[in-house]
Amino acid sequence: MQTPDVHTHEYQALDRAHHLHPFTDFKALGEEGSRIITRAEGVYIHDSEGHRILDGMAGLWCVNLGYGRQELVDAATAQLQELPYYNNFFKTTHPPAVRLAAKLCDLAPAHINHVFFTGSGSEANDTMLRMVRRYWALKGQPQKQWIIARENGYHGSTLAGMSLGGMAPMHDQGGPPVPKIAHVRQPYWFGEGRFAEGRDQDPEAFGRACAEALEAQILELGEQNVAAFLAEPVQGAGGAIIPPASYWPAVKAVLAKYDILLVVDEVICGFGRLGEWFGSVHYDLKPDLMPIAKGLSSGYLPIGGVLVGDRVADTLIEEGGEFFHGFTYSGHPACAAVALKNLELMDAEGIVERVRDDLGPYLARRWAELADHPIVGEARSLGLVGALELVADKADGGRFDKSLGAGNLCRDICFELGLVMRSVGDTMIISPPLVITRGEIDELVRLARAALDATAARLAELRQP
Ligand code: PMP
C-alpha cells in the first residue's frame, strides 16, 4: 500500500458534480463515488488510495500491449511534433495513415487489401453499414438493405452501433432507430442451450440450431433483401460467449447458399485476443468486411477502421464515385503513428504467437480449475478471453435471485482484493493484457478464486431468511 497521491474526496466531489459517465446509473454512482485510477504499468493499474490492481480486463478489452510502453509514447510525441493534425479528405493524406494502412493489409488475410479509418469501433460499424448498403446499390440491388446481427451482440453506442447490437436494455431506451436490422439468436450454449427445456443438450446440435435460425431469418426477409450478416467471432460485451465448434462452419454454409456478405466485428477479437491477428483467422471465416478498433492502438490513442475485402473494395473503387462519408479524425496522424508502432511491437515481440502457443493454453488450464467452485456453473476461455458463470445450483444451472446482484457483488469484491474482473449479469469476464506472464495468470486465478469464496459467503448471508 502506497501513500495516497491524489485527494480522492476532492476528485470524487468534482466527478459527482460535473461528470456523466458512460454506461452508468448517474444517481447510484453519485451516492457511492468513483474509484480514481491514477497510473498504470504492465498489467497493473493504481488508484488514488494507493491500491495496485491487476487489470484482468485490459482497460476495456483494449490495452493489449500492456501499460507504460515508452515506444508508444515516443511515437505519439514524434508525430505530434512533426504533424499533429491533417486530414485525409480532398485528395490529401500523410505518412502515418498510409503506412498504417499498408501494415494492416499486410497482417490481414490475403483477400483484404483496403482500410477506411474511423475514430472508434462504433464509427467503424456505422461506416460498415453505409458501405454495405452502398455496395449493393452499386451492384444494382438497392433493395438489399437488411443486416442480420445477433441478440446480445455489441457493436457500439452510436445510433447505428446500438441498432446493430442486440442489447435489449439499449433498445428499450428509445428503440433502435436505424431501420432494416434484424437480430437472430446467439450461440450461447450455457445460457440458452445447455439447460433449456431441463435437458443437458448437445452443444454442437445447439450451434447448428443457431445457424438454422439464421437461415430461417434470411428466408423470412427474402434472400434478395438481405445485405449482410454481422457477428463478433466470440461475443465480448455479451459475456465472453465462445460459440460451439459447429456454429461458424454451419453459419458459413448458410451464407454461401445465399448471396449475403459476412461482416465480422473484430473490435475485441482482433489484434491477438484469440491467439491470431484476427478472430476470423482462428475460425477461418474469410469475412468481406471487418470493423476494428481497441487493440489496434492498444488503447493508447483512439482509432478504429473497417478492413474491406476485395469483393467490396473493388466495386466501391471501380464503380463507386464519391462515398459521402468520413470523420475529422479518420486516420488521425498521432493515432495512426501509435497504432503502427503498436502493431510493429506486437509483430517483433511475437505477442500473438505467444497467446496462441503458450499463454492461451496455460490460461485455459488454470481457468478451468475454477469450474470446481461451488458457485461456478462453467469456466470457459479461448486465447486470453475467459468467463465464469455464477450459479446457485450447479446441477441445473439455476441462477441466483436477480435481486442479489451476484455478478456485481463479485465484481466489487474482486476490486477490493486487487483484481479487475467485469460482470455481465452473473457472468464474470476476463480479458487481460496480452503481455501478461504465466506468474501473473497464476495471481489472477488465485484472486478470482478468493473473490468467488468471498462472494459465496456473502451470498449465503444474504440468502438467509
Ligand atoms: N464492437 C465491439 C465488438 C465492441 O466490443 C465495441 C466496444 N466495446 C464496439 C464495437 C464499439 O467500440 P467503441 O466503444 O470504440 O465505439
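User: What is the order of the open sheet of four strands, and how do its strands pair?

Analyst: The order is β11-β12-β15-β14, with antiparallel pairing. β11 (376-382) and β14 (422-424) are the edge strands: each has a single partner, so one side of each has no neighbour in the sheet. Neighbouring strands are turned by 20° against each other on average, with direction ignored. Axes here are lines fitted to C-alpha atoms, for helices over the stretch in contact, and angles run from 0 to 180 degrees between N-to-C directions.

User: What kind of model is this, and how are residues numbered?

Analyst: This is a predicted model; local features need pLDDT of at least 70, side-chain atom pairs count only at pLDDT 80 or more, and totals for chains, interfaces and linings use all residues. Residues are numbered from 1 along each chain as its sequence is written.

User: How do you know that strand β12 and strand β15 pair?

Analyst: Pairing requires at least two bridges found by DSSP between two strands. β12 (residues 385-390) and β15 (residues 427-430) have four, in the antiparallel sense. They therefore count as paired. Leu388 stands opposite Met428 in β15. The strand names rest on DSSP too: strands are E runs of at least two residues, helices are H or I runs of at least four, and both are numbered from the N terminus.

User: Which strands does helix α16 lie across?

Analyst: Helix α16 (residues 406-417) lies across β12, β14 and β15. Its direction is about 175° to β14.

User: What makes β3 and strand β13 partners?

Analyst: Two bridges join them, and they run parallel. Two meets the pairing requirement, so the label applies. Strand β13 covers residues 419-420. Leu54 has Leu419 as its bridge partner in β13. Leu54 is also the bridge partner of Tyr44 in β3. Strand β2 (residues 44-47) pairs with β3 (residues 52-55) in the antiparallel sense over three bridges. Their hairpin has four residues between the strands, and Gly50 takes a positive phi near 90° there.

User: What phi does Lys91 have, and where does Lys91 lie?

Analyst: Phi of Lys91 is positive, about 60°, and Lys91 is not a glycine. Most residues other than glycine have a negative phi. Lys91 lies in the loop between α4 (70-82) and α5 (95-107). Lys286 also has a positive phi, near 45°. Lys286 is found in the loop between α12 (279-282) and β9 (289-292).

User: Why is Lys91 called exposed?

Analyst: The test counts other C-beta atoms within 10 Å of the residue's own, with C-beta atoms placed from the backbone: 20 or more is buried, 12 or fewer is exposed, in between is partly exposed. Lys91 has 5, so Lys91 is exposed. Asp372, in the loop between α15 and β11, has 10 and is therefore exposed.

User: How is the chain divided into domains, and what separates their centres?

Analyst: Domain 1 is 35-68 + 351-463, and domain 2 is 70-348. The bounds come from an automatic or database domain assignment. The centres, taken over C-alpha atoms, are 26 Å apart. 28 residues of domain 1 are in contact with 25 residues of domain 2; contact means C-beta atoms, placed from the backbone, within 7 Å. On the domain 1 side, α15 gives the most, with five residues. That side divides into 14 nonpolar, nine polar and five charged residues. Ala, Val, Leu, Ile, Met, Phe, Trp, Tyr, Cys and Pro count as nonpolar, Asp, Glu, Lys and Arg as charged, and the others, Gly among them, as polar.

Note on methods
Two residues are in contact if their C-beta atoms, placed from the backbone, lie within 7 Å.
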